[in-house]
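Reader: I'd like a quick tour of this one. Can you walk me through it?

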Amino acid sequence: MKKSVDSILDGHKIHLHPEKSAIWREIKDCYPIHIEIGATNKCNHDCVFCALDFAIGKTDINRDVMINALKDMAEPKEKCELIIKYQGRSAVYNDRVNSVMFGGEGEPTMHKDLGLFIQKAKEYGLDVALTTNGTRFDKTLQEQCLPYLSWVKFSVDAGTPETYKKVHRVSEKQFEILMKNISDSVQLKKQKGLDATIGTQFLITSMNANETEATILIERLREINPDYLSVKPYSDHPRSQKNLEVDSESYDKLEKTFNDLRGKVDFNIEFRRATIERIQEGNTYSECYGLPFISLIDSKGNVLPCNLFYDIEKFIYGNLYENSFSEIWGGNKRKEVLSRLKGKELGDCRRGCRCDAGNRYLNRLKNPQIHDNFT
């Protein structure tokens, strides 16, 4: 079995960026580590679990607006300068965005300029990733994107064409197209010696949470041999509730099944138990501390705190058609939104959201406990 591609897939990575944490502790702000970009809100699937079905439409972000934003995000910002002193020496750390992931409210491969966006982001010095349903990620897009990606993750969510049809609400033949595109991606990576990590994801819902489906999926993926399979729990988005969560007993059975299958494959299987437990526990902090470390850009060019706030004007930081990313990030409107969010109750936030693990870490930094000095 391969070594885990990411031992903290189930957690956060804020602690791996101590300079940003230091800036955040000093001025209570920083540039994001990571930005999710929804280059389009079009989608070619109609997944039953889609948290953002309310945001689906017919909008593509303008090519030049996106490229200019990527360039601006990648440039070090002197006004966020941190002087790092150590043993009589000092160094200057200029903050910037570190990575972007193309995902968002739609299917990113529906944007005709996706390949160009990925290439430009990498050229400007950003790490780049892609999440996709994969059915449009053909050899042309593979050639355009894979050499520039840090990782790509395919949403599989089924082991059979029949279940895939029910979950993704597309024809059964789309399942085989997806399997071929994953396989072709793995082969291209091998042929060209690419660094891109090729991942797959199984989102656990009441429609696929059975041991048979898991076993069949592993058999199919064993033939393809991606780098990993992430087995992730579903959680309701407050604006698009589906009631697809499963009970603890079902999680336990699936975990045992996937654990039993680990030794039979050469790729890593990440069963995200910690995420399940965080969803079941709910929020343990009173404020979303993670907002400076992550952000979202939608297909209309809006810069947002997270996907809870699509099309809610009072929570939009700004728009890239009107201002640059750096102007928006340092602007008064963003400060007003953050102030508004600071006083907002977290009870209507999504349980187990992307900021959740980081929030728990940052909450501990803000509120140290009695034995924290004993390492």
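Predicted model: local features only at pLDDT ≥ 70, side-chain atom pairs only at ≥ 80, totals over all residues.

Reader: Which residues touch the most other members in the largest nonpolar core?

Author: Leu70, Met73, Val100, Phe102, Phe258 and Phe325, out of 75 residues. A nonpolar core is a set of buried Ala, Val, Leu, Ile, Met, Phe, Trp, Tyr and Cys residues joined through side-chain atoms within 4.5 Å. Buried means under 20% relative accessible area, with a 1.4 Å probe and protein chains only. Helix H2 (residues 63-74) gives the largest share of this core, seven residues. Helices are DSSP runs of H or I, at least four residues, and strands are E runs of at least two, numbered from the N terminus.

Reader: And what does the second core include?

Author: That separate core has 15 residues, among them Cys50, Ala51, Leu203 and Leu296.

Reader: Back to Phe102. What is it in contact with?

Author: Beyond neighbours within four places in sequence, its contacts include Ile37, Leu70, Phe117, Ile118 and Leu130. Contact means heavy atoms within 4.5 Å.

Reader: Is Ile118 buried or exposed?

Author: Ile118 counts as buried, because its relative accessibility is 0%. Ile118 lies in helix H3 (residues 114-123). Setting aside neighbours within four places, Ile118 contacts Phe102, Val128, Cys145, Tyr148 and Leu149. Leu149 is 31 residues away along the chain, yet the two C-alpha atoms are separated by 7.3 Å.

Reader: New topic. Which residues are buried in H8?

Author: Tyr251, Leu254, Glu255, Thr257, Phe258 and Leu261. Seen down the axis, they fall within an arc of 165°, so they line one face of H8. The arc is taken from the directions from the helix axis to the C-beta atoms.

Reader: What do they pack against?

Author: Strand S7 (197-204), helix H7 (211-224), strand S8 (228-233), strand S9 (268-271) and helix H9 (273-281).

Reader: How many disulfides?

Author: The count is zero. A disulfide is a pair of cysteine sulfur atoms within 2.5 Å. The closest cysteine sulfur to that of Cys50 is in Cys47, 6.6 Å away, so it is too far for a bond. Cys355 is in no disulfide either, with the nearest cysteine sulfur, that of Cys288, 4.4 Å away.

Reader: Is Cys355 buried or exposed?

Author: Cys355 counts as buried, because its relative accessibility is 9%.

Terms used: Residues numbered from 1 in each chain as written. Heavy atoms only, no water. Buried < 20%, exposed > 50% of the residue type's maximum accessible area, 1.4 Å probe, protein only.
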